[in-house]
Amino acid sequence: MKKPKIKIIVIGGATATSKSTFSLELMKKHKIVHKLGTGFIREMAKNFYQKKRFPYLYNYSYQGINRKPFQNLYDQSKLLKEMIHLAIKRANKEGTSIIIEGVHLIPGFTEFKGVSKKYMKVVRNEKKHLNMVLKNKTHLNRKVSNSEFKKIRKIQEILILRAKKYNWNIIEV
């Protein structure tokens with residue numbers, strides 16, 4: 001009997017680009033039962049990194065104080081990279097499929113062996129994106145200001161450029 005091929009899928013994208021929704025669709029389509037969001041990894045990482053030394057970890061990716069928007073995300077991703085790698089390594093070792101999704105999956109920086117597919121979710125239409133941020137169905141209590149939304153858009157611009165450069169599949173919402 002032929003063993004089913006495992007699927008390890010990563011889905012990146014700026015805040016409110018339907019990464020979680022897309023991951024659920026792929027889970028159903030491919031009968032994948034494991035899903036991991038990088039925002040939850042970031043939350044667990046706080047247990048190991050002191051706020052005094054790593055204050056950027058204690059904000060959303062777009063909330064860097066007095067910093068360029070992408071720099072805050074990049075610094076967070078540096079701390080999470082090995083944890084993401086270990087999840088992928090375990091999935092490969094155990095022969096289990098998994099989807100890992102989140103803003104911290106940065107093309108060219110979080111590249112891992114054994115990944116089947118790499119997707120970047122984007123919303124090019126600014127009004128549509130703002131509506132998705134304000135009416136987010138997966139993060140009901142998260143509030144985003146206008147200045148934070150501008151940072152989210154800047155982060156998305158950089159992620160798109162990197163996705164193109166590193167051959168990630170770009171999926172427009």
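Which way do I98, I99, I100 and E101 point from strand β3 (residues 98-101), and are they buried or exposed?

## Strand β3

I98 and I100 point one way from β3, whereas I99 and E101 point the other way. All of them are buried, where buried means under 20% relative accessible area and exposed over 50%, with a 1.4 Å probe and protein chains only. In a regular strand, side chains alternate between the two faces of the sheet.

β3 pairs in the parallel sense with strand β1 (residues 8-13) over four bridges; pairing requires at least two DSSP bridges between the strands. V10 has I100 as its bridge partner in β3. Strand β2 (residues 34-37) also runs parallel to β3 and is joined to β3 by four bridges. Here L36 has I100 as its bridge partner.

## Model and fold

This is a predicted model, in which local features need pLDDT of at least 70 and side-chain atom pairs count only at pLDDT 80 or more, while totals for chains, interfaces and linings use all residues. Residues are numbered from 1 along each chain as its sequence is written, and side-chain values use heavy atoms, without hydrogens and water.

The protein has five helices and five strands, in the order β-α-β-α-α-β-β-α-α-β along the sequence. Helices (H or I, at least four residues) and strands (E, at least two) are DSSP runs numbered from the N terminus.

## Overall dimensions and contacts

The C-alpha atoms fill a box of roughly 55 × 35 × 30 Å along the principal axes. Of the 173 residues, 46% count as buried.

Among contacts (heavy atoms within 4.5 Å) between residues at least 6 apart in sequence, 76% join residues at least 24 apart.
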